[in-house]
Protein chains: 2
Amino acid sequence: MAAYSELSKEELLNLKSGLEKKFKQIQKQNLHLDMSRGKPSAAQLDLSMGMMDILNSTSNLKCEAGVDCRNYGVLDGIPEAQELLADMTEVPANQIIIYGNSSLNVMFDTVARSMTHGVMGSTPWCKLDKVKWLCPVPGYDRHFAITEYFGIEMINVPMTPDGPDMDMVEKLVSEDEAIKGIWCVPKYSNPQGITYSDETVRRFARLKPAAKDFRIYWDNAYGIHHLYDDKQDYLIEILMECKKEGNPDMVYKFCSTSKVSFPGSGVAAIAASPANLEFIRQHMRIQTIGHDKLNQLRHVRFFKDIHGMVMHMRKHAEILRPKFEAVLNVLDQELTGLEIGSWIRPRGGYFISFDALPGCAKAIVEKAKDAGLVMTPAGATYPYGKDPQDSNIRIAPSFPTPEELAIAAEIFVLSVKLVSIDKILESK
Amino acid sequence: MAAYSELSKEELLNLKSGLEKKFKQIQKQNLHLDMSRGKPSAAQLDLSMGMMDILNSTSNLKCEAGVDCRNYGVLDGIPEAQELLADMTEVPANQIIIYGNSSLNVMFDTVARSMTHGVMGSTPWCKLDKVKWLCPVPGYDRHFAITEYFGIEMINVPMTPDGPDMDMVEKLVSEDEAIKGIWCVPKYSNPQGITYSDETVRRFARLKPAAKDFRIYWDNAYGIHHLYDDKQDYLIEILMECKKEGNPDMVYKFCSTSKVSFPGSGVAAIAASPANLEFIRQHMRIQTIGHDKLNQLRHVRFFKDIHGMVMHMRKHAEILRPKFEAVLNVLDQELTGLEIGSWIRPRGGYFISFDALPGCAKAIVEKAKDAGLVMTPAGATYPYGKDPQDSNIRIAPSFPTPEELAIAAEIFVLSVKLVSIDKILESK
């Protein structure tokens, strides 16, 4: 197909008229489709139903350390859960603390603690005039929501195919003591599915931040969430890399089983240097009586070990892969060569990122809604919900059925085409 | 028996020599006993083992509202869990939010949020020069640890048989805008087992605080934790009382099933006015993806309703009552009339509070340890761990077996006697 921008006004109007007919036919079907959230489908949740049987009233409910998991105690998590989640995120088992069901909550608490108590002896951030944060964009809206909630000024850092623009990161971090953190989803990033290159990870590990309480918030949400057996991204382990570079305390690593077992009832964790963990424990000892050890035990008994978890993730991939491909195939077939948008074919994670012509994202999402398709709000992938280009749209193909996705993708490309034609016509 | 203080020096020395022989005999047994923590025993945990079977892979895992409890969503908790915990703490179901496994964590988060974001529009406490807190004493060490952690100045308020000294509370709260809260365990208080009188609750509801962001932290930890069927304390419901008095927003009520189901895997909640809850939700939406709904469902399916929970609590009482009585009987038999200590016979809760002669508590706990009995550290029931009288000792009889408790109580009274004799001899 020819690029839309090269078509004449008449050709575009003709095209538009045909597309509008199609759009109206779809509208008549009164559909309710949703590609807005990175939510596993029921079929994926069914994969973990064995977890509902793995503990029962005849089970030994003591962990390997001999502690009754029903009772109080064990702040760091039971040792076998530490091992499982440490293996999952590729760190030593003594460098991880197990939390409750939400890694977002762990990240929130980490920022909240820094606000009131600083970081390993630094001034509490609430006592500073200004706290700033680097936000690779497009990125995860719930990360940005945390820093916004605490009044932290967010600075956009563009993503490249290798990860965040490291020239910019290095410059800003080394010059500005007010910059205290950066949000990273380093593997199969949200929303682009980009995995940080070896060079990017190494440059992170070699950062020379002006602020000694600067931390990399390494949200390894999709560390084992591959879509393929044969094509998998590899991410260098950041804790070890930082240690090698003499920056052992510069990173917090977050992970959870939310998209491994059950999104509402998983197990989350933080991995960090011993010094960071000891500081965190001082806080945890005051904050909680400890996290749910029975749920930790449930996870360990079900998955057994990291190999069991990896095999389990293949089953997720089998369900997710056709969904991603259904959407990507429609994008390929319908939009290739039109020069009205670009997208990345991810090898894992939960999202496809689509970049429309500048100024079109909001209108496309609006348009799709008119045909019964709910997308993530345009702008959500940027701090303060403001995409300066109004270009990026996050596509979440996990929850609908493949049949629904085929129609949803059809609505999406129709919306992209119609909105893009209008945009191009403006300048003709 | 005659009061020790009325005995002559010789009589006391004779007495001491006999008691020391007994003490040494016990020491030879090389015992390891623990009355330090309010930890349910294995027999109590066994009462809830049915909860391990109540959900399995064939269960319907949707809540009444039709939501799949395995997946994301439902920030307030599933409706049936709201109803159960609302009934438990005697508030309407729309005035409660369900949290994770630890009510301590809910209280911590409540203070943390006030530090960084104030209370319903007030200045964040971290921006104030001084924040103060009222602490009825003796009280719960983990409460005091939270306020200490946030650098809040704690002011001791003496407990009376009717609850905190309300003359003092009213005066301080109405005069000092820096006072932002008060820790209360209003029913079967920790450690004394005192239930606030009707008049005390009403005076709380009628407080006229100088600070509009003053809140009563009403930790109803033992609301249904009676020891007897026939002798039960009654506590006026504070939310309704505050509403009646035109102070609907003045109280946060906390509760959990930690000592109903499993201490490590229960369900916690906060109850408050709609305005307070809406402010809390603004925070929660950023903080978490929601709490563990499967565990909420597990609780509801197991207990069914508040009647089921009340019947369940009777089974706890049957296990706990003999333990309390074992300790109380030894105290009665061995210490009555000696005027070397006083104690309260609680009708519920988890503790017995013992007041030794001033200056003796630390030494008694030390002495008991010499015979293999671990007690809660003396001073723990006061802010900063400092009991100005060095008098109060918390006895936690829940975890040991009745047989162990009989010996533990024996060691305790021996320690009380020996230390008291030394104290009295000092002034002879």
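In this predicted model, Val416(B) is part of helix 13 of chain B, which covers residues 402-426. With a relative accessible area of 0%, Val416(B) is buried.

Thr147(A) has a relative accessible area of 0% and is buried. Between Thr147(A) and Lys132(A) there are 8.8 Å from C-alpha to C-alpha, with a separation of 15 residues in sequence.

Which residues of helix 5 (residues 141-149) of chain B are buried? They are His143(B), Phe144(B), Ile146(B), Thr147(B) and Tyr149(B). As background, residues three or four places apart in an α-helix point the same way, because such a helix has 3.6 residues a turn. After helix 5 of chain B comes Gly151(B), with a positive phi near 70°.

**Backbone geometry in the loops**

Most residues other than glycine have a negative phi, and most peptide bonds are trans.

Val74(B) has a positive phi near 65° and is not a glycine. The residue sits in the loop that runs between helix 2 (42-46) and helix 3 (79-88) of chain B. Val74(B) is partly exposed, at 26% relative accessibility.

Tyr188(B), likewise a residue other than glycine, has a positive phi near 45°. Its loop lies between strand 6 (179-184) and helix 7 (198-205) of chain B. Tyr188(B) counts as buried because its relative accessibility is 0%.

Two cis peptide bonds are found in chain A. One leads from Val137(A) to Pro138(A), with omega near 0°, and Pro138(A) is in the loop between strand 3 (132-137) and helix 5 (141-149) of chain A. Another leads from Asn190(A) to Pro191(A), with omega near 5°; Pro191(A) is placed in the loop between strand 6 (179-184) and helix 7 (198-205) of chain A.

**Salt bridges**

Side chains of opposite charge can pair when their charged atoms come close. Over all chains, the search of the whole structure finds 42 salt bridges. Examples are listed below.

| Salt bridge | N to O distance |
|---|---|
| Arg70(A) and Asp68(A) | 2.8 Å |
| Glu237(A) and Lys253(A) | 2.6 Å |
| Glu153(B) and Lys130(B) | 2.7 Å |

In the salt bridge between Arg70(A) and Asp68(A), Arg70(A) is buried at 6% relative accessibility, and Asp68(A) is buried at 17%.

The salt bridge between Glu237(A) and Lys253(A) has its closest N and O atoms 2.6 Å apart. This pair links distant parts of the chain, 16 residues apart: Glu237(A) is in the loop between strand 7 (215-219) and helix 8 (238-244) of chain A, and Lys253(A) is in strand 8 (residues 251-256) of chain A. Both Glu237(A) and Lys253(A) are buried.

In chain B, Glu153(B) and Lys130(B) meet in a salt bridge. Glu153(B) lies in strand 4 (residues 153-160) of chain B and Lys130(B) in the loop between helix 4 (103-117) and strand 3 (132-137) of chain B, so the pair ties together parts 23 residues apart in sequence. Glu153(B) is partly exposed, with a relative accessible area of 29%, and Lys130(B) is also partly exposed, with 42%. In chain A, salt bridges with shared partners join Asp76(A), Glu278(A), Arg281(A) and Arg285(A) into one network.

**A negative surface patch**

On the surface, a patch of negative charge brings together Glu64(A), Glu83(A), Asp87(A) and Asp305(A). Of these residues, Asp305(A) occupies the loop between helix 10 (293-303) and helix 11 (306-335) of chain A. Asp305(A) is partly exposed, at 40% relative accessibility.

**Cysteines**

Cys126(A) is buried, at 7% relative accessibility. For Cys135(A), the closest cysteine sulfur is that of Cys184(A), at 9.8 Å, again too far for a bond. Cys135(A) is buried, at 0% relative accessibility.

Notes: Residues are numbered from 1 along each chain as its sequence is written. Chains are lettered from A and ligands numbered from 1 in the order in which they are written. This is a predicted model: local features need pLDDT of at least 70, side-chain atom pairs count only at pLDDT 80 or more; totals for chains, interfaces and linings use all residues. Side-chain values use heavy atoms; hydrogens and water are left out. Patches are made of residues with over 30% relative accessible area and no salt bridge: like charges are joined within 9 Å, nonpolar side chains (Val, Leu, Ile, Met, Phe, Trp, Tyr) within 5 Å. Accessible areas come from the Shrake-Rupley method with a 1.4 Å probe; for residues, only the protein chains shown count as cover. A salt bridge is a side-chain nitrogen of Lys or Arg within 4 Å of a carboxyl oxygen of Asp or Glu. Lys and Arg count as positive and Asp and Glu as negative; His and the chain ends are not counted. The place of a charge is taken as NZ of Lys, CZ of Arg, CG of Asp or CD of Glu. Helices (H or I, at least four residues) and strands (E, at least two) are DSSP runs, numbered from the N terminus. Buried means under 20% relative accessible area, exposed over 50%, partly exposed in between (1.4 Å probe, protein chains only). A disulfide is a pair of cysteine sulfur atoms within 2.5 Å.
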